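Here are my comments on the model you sent. They are set out as numbered points, to be read beside the coordinates.

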Amino acid sequence: MLGSHFPSVRPSVTWVGVGVGAVISLLALNPHVARAQTLEEAQQLARVGKYTDAIRAYGRLAPRSDSRLAARGLVRTLMEVGRYDDALREARRLNASLAPQLSNVLGEVLYQQGNVSEAEAAFLAAMRGASDSLIARVNLAILRYERGELETAMREFGYFIEVYNSRTDLSAEELTAVATAGRYLGERNFQLSRDALRVYDEAAAANANELESRVRTGELFFDKYNNTDATETFREILSINPRHPRALLGMARSLHFDGSAEALETVRKSLEVNPNLVPARLFLARLYIELEQYGRASQEANRAIEVNPSSSEAWAVTAAIWYFQGDTTAFENARRRTLELNSRYADLYNTLAELSARNRLYRQSVEFARQAVSLDSLSWHGHQLLGMNLLRIGEIEEGRMSLETSFALAPFDPWTKNTLDLLDTFSNYTSTQSKYFTLLMHRDEAPLLQLYLADVADEAYDRLAERYGYRPNTPIRLEVYPRHADFSVRTVGIAGLGALGVSFGNVLAMDSPSAREVGQFHWASTLWHEVAHSFHMAISDHRVPRWFTEGLAVFEERRSREGWGDDVSVGFLLAYMNDRLHPVSELNNGFVRPAYPQQVIFSYYLASLVCEFIQRDWGDGVLVDMLRAYGRGESSAEVFETVLGVEPKEFDRVFDNHMKERFAGPMSALRSPLMDEIQNGKLELPALMRAAARRESDFAVQLETGRALVRAHRYDEATSYLQRAKALFPEYAGGDSPYWYLAIVYKEQGKLGHAADELAQLTSINAGHYRAYLERAELLGMLGEEEEEARALDRALYVYPFDTGIHRRLAELYSELKSWPAAIRERKAVLALDPVDRAEAEYRLALAYYESGNIREARSAVLRALERAPNFEKALDLLLEVRSGRGGEVDRP
């Protein structure tokens with residue numbers, strides 16, 4: 001989970017099983033089970049995950065008078081598989097004869113079940129003479145830490161430093177206890193976390209057969225955001241014991257950190273082994289919260305509380321669930337219960353802040369984080385959450401101060417360091433104001449981008465305000481980053497985000513067109529999308545689910561301009577046909593927990609089709625009504641029922657019928673037995689032509705045959721195949737679409753008008769096809785259609801505005817067409833791109849101003865030209881014209 005923090009796992013794990021009496025009965029019933037005769041054999045069975053056999057073996061060994069190690073092994077293995085009641089019964093029975101040697105494990109069982117006072121007494125008893133007294137001591141310190149007695153606990157943890165420095169005979173288990181104390185001390189002193197890792201390694205070296213120190217090593221790596229080493233550690237453990245419940249939980253967390261959908265299945269595997277593992281239940285609850293499946297989340301949190309009613313984390317997660325469902329009374333009860341258990345439990349508010357941010361409630365996240373640092377001023381995570389979310393609501397300087405505090409406490413946190421490094425670059429950015437926006441752009445790009453971005457943003461605001469009948473607070477902050485890594489850090493704290501833009505409500509951030517390869521994304525459509533989010537979040541009080549706001553934003557892109565927004569692809573339709581996309585009632589899963597890389601992109605488009613379908617059949621205003629219903633706290637199921645008057649499953653059925661009707665032709669044409677061979681390039685041209693003759697309704701065959709003929713320069717033959725492909729799937733406008741290849745064919749045949757028409761059709765569907773605009777503009781120039789050429793080049797700027805040649809050509813065209821505002825804009829754009837001959841560029845700008853009748857600006861521009869080139873004859877002539885006070889046309893060499 002990016003930017004997440006899970007409270008430190010207790011050093012004693014919850015391991016459960018069956019009682020000794022049951023063990024003896026099972027052995028009697030199954031005499032063929034291999035019998036472990038020694039303690040070492042029993043330990044090895046537990047080590048490799050043969051828990052049932054291990055419990056039987058320990059059960060035979062435990063009744064012996066010298067059996068304290070077997071008895072402890074029995075109780076802990078019982079705990080490992082989640083049967084705490086049996087573990088407690090055996091611990092009490094065996095402790096009666098072995099006290100205080102079983103007191104510590106008795107305390108561990110009691111603590112896992114939430115019986116804190118009895119657990120404390122058991123730990124104290126063990127400290128008075130048991131061979132594992134050091135283990136009991138660290139357990140008691142953890143108990144006090146988690147009860148809010150922080151100073152007392154920290155003193156106890158500090159004692160273990162003295163133990164480590166004064167003794168050389170520590171066992172592996174005792175070294176693990178020392179390292180665990182260091183792990184807690186590391187919450188206040190990062191260097192001690194490093195020491196803890198070293199001592200965990202010593203524990204593993206002291207006993208190569210034990211796994212506990214390795215599990216805790218993985219957990220510590222994860223806590224300190226070293227997910228690479230955490231993953232490798234858990235993988236090594238699972239190679240020895242594939243059923244280790246805490247290693248499976250650790251792996252699930254690591255997978256979630258990396259955004260893998262396998263996290264859900266992995267944590268379920270952990271719970272199959274130990275259904276009472278409270279941290280696993282709570283991790284699963286968090287996953288369901290992210291999916292906005294609050295009912296399932298509540299079930300998992302309730303099961304955690306049933307196991308351990310004294311778990312502060314379980315009550316904190318429960319409080320978050322009630323908060324997101326809008327039940328104030330239940331939320332306050334859960335919050336109060338959490339603080340009764342631990343009055344200094346800052347992670348209550350950290351949990352609320354973190355989950356609020358994940359659910360786009362950024363201002364609420366700020367308030368919860370403030371409460372966290374108020375409760376514990378040394379909570380680095382609270383300061384981090386406060387800082388990150390202050391930045392998301394536009395409070396930059398206060399956010400920076402909170403992050404600096406967090407980094408001083410936790411220098412291992414890459415999110416904080418990366419974000420602070422990014423903030424240090426803000427001195428290289430300039431701020432400009434439009435009608436509704438404050439635009440923050442890099443100073444090297446601002447002169448150019450402000451000519452275009454401001455107009456698009458303001459237009460989007462005005463049109464969306466009219467459509468929604470609502471106006472978000474202004475100014476809205478828009479940050480534009482020339483490096484994608486910087487945009488990614490601004491969004492999630494680390495590089496690697498695949499998105500192009502993000503909206504936090506009244507703060508937007510996006511890639512500059514220069515952040516991607518030429519022609520890679522349509523920046524104007526992306527900007528429109530993010531502005532739309534500002535409306536959706538404001539109207540819904542930031543409670544709109546991910547699937548609906550993304551779908552509605554893509555739909556708004558398509559409604560804004562011809563060809564903007566996502567369009568249908570072959571991959572999308574194949575995924576839909578093969579049931580690889582979620583139904584509408586579960587569509588949020590496609591965004592939050594994608595099962596394959598393309599599922600998110602396909603889900604965007606599918607969600608936009610849902611919005612388009614609702615608008616068509618229920619009317620335009622109903623989309624706004626849905627946003628308002630979400631703002632009242634209604635779930636998607638409730639919104640469908642109250643606003644649309646339909647049950648979600650019924651909507652799924654109706655929408656599925658609509659999809660199959662709307663795309664019936666293309667879906668039929670994509671049912672090709674040769675699809676895999678075509679995609680893998682296995683069919684040569686002769687085989688393709690034979691297949692195309694047999695399968696005239698096969699889109700993939702017709703298109704690939706046409707493309708192959710174009711590559712072979714057999715243009716006349718290619719035409720019929722490409723035309724058939726276009727007829728079979730007319731909405732397909734990808735990079736390899738029939739439109740593109742037909743344009744190539746017609747150009748080669750000298751049919752320039754036909755070629756231009758194909759490219760016009762292509763860009764009317766896919767406005768992001770940069771090469772198509774440039775090719776069309778060239779064709780139109782050859783045909784002498786200057787107005788259409790200018791329109792094509794102008795639209796290309798919405799994809800990539802950094803080509804000086806395009807701006808020069810547009811300036812010439814707009815001057816010929818006497819469209820002076822556009823001509824002046826393009827002359828300014830040329831200057832913004834720092835041309836070699838700046839004097840010439842200033843002169844051209846002055847000329848445009850002069851011919852538009854703006855004498856004052858013409859004088860300023862021509863004087864700038866003459867400052868650079870005092871003897872510039874054309875500029876001197878223009879200055880004379882300007883000083884004469886006559887505006888109008890002059891000869892333009």
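This is a predicted model: local features need pLDDT of at least 70, side-chain atom pairs count only at pLDDT 80 or more; totals for chains, interfaces and linings use all residues.

**Notes on the sheet and its helices**

1. Ser503 has Leu508 of β5 as its bridge partner. β4 and β5 run antiparallel and are joined by three bridges. Three residues lie between the two strands of this hairpin, and Gly505 takes a positive phi near 115 degrees.

2. Five strands form an open sheet in the order β1-β2-β3-β5-β4, and the pairing is mixed. β1 (429–433) and β4 (501–503) are the edge strands; each has a single partner, so one side of each has no neighbour in the sheet. From one strand to the next, the twist averages 15 degrees.

3. Two parallel pairings deserve a look. β2 (residues 437–442) runs parallel to β3 (residues 476–481), with five bridges between them. Within that pair, Leu439 stands opposite Leu478 of β3. β3 also runs parallel to β5, again through five bridges. Here Tyr481 has Asp511 of β5 as its bridge partner.

4. Is β5 enclosed or open to the outside? Five of its five residues are buried, so β5 is largely enclosed by the rest of the structure. Val507, Ala509 and Asp511 point one way from the strand. Leu508 and Met510 point the other way, and these are buried too. Note that Asp511 is among the buried residues.

5. Helix α26 (residues 453–468) packs on it and touches β2 and β3. The direction of α26 makes about 150 degrees with that of β2. Helix α28 (residues 523–539) lies across β2, β3, β4 and β5 (507–511). Relative to β4, α28 runs at about 15 degrees.

6. A separate helix pair is worth checking. The axes of α18 (residues 312–324) and α20 (residues 347–358) come within 9 Å and cross at roughly 40 degrees. That angle makes α18 oblique to α20. The crossing of the two helices is right-handed.

7. What makes the contact between α18 and α20? From α18 come Ala316, Val317, Ala319, Ala320, Tyr323 and Phe324. From α20 come Leu348, Thr351, Leu352, Leu355 and Ser356. By class, the contact has nine nonpolar residues, two polar ones and no charged ones.

Definitions and conventions. Residues are numbered from 1 along each chain as its sequence is written. Side-chain values use heavy atoms; hydrogens and water are left out. Two strands pair if DSSP finds at least two bridges between them. Helices (H or I, at least four residues) and strands (E, at least two) are DSSP runs, numbered from the N terminus. Axes are lines fitted to C-alpha atoms, for helices over the stretch in contact, and angles run from 0 to 180 degrees between N-to-C directions. Contact means heavy atoms within 4.5 Å. Angles under 35 degrees count as roughly parallel, over 145 as roughly antiparallel, 65 to 115 as roughly perpendicular and the rest as oblique. A crossing is left-handed if the near helix is turned anticlockwise from the far one by less than a right angle, and right-handed if clockwise. Ala, Val, Leu, Ile, Met, Phe, Trp, Tyr, Cys and Pro count as nonpolar, Asp, Glu, Lys and Arg as charged, and the others, Gly among them, as polar. Buried means under 20% relative accessible area, exposed over 50%, partly exposed in between (1.4 Å probe, protein chains only).
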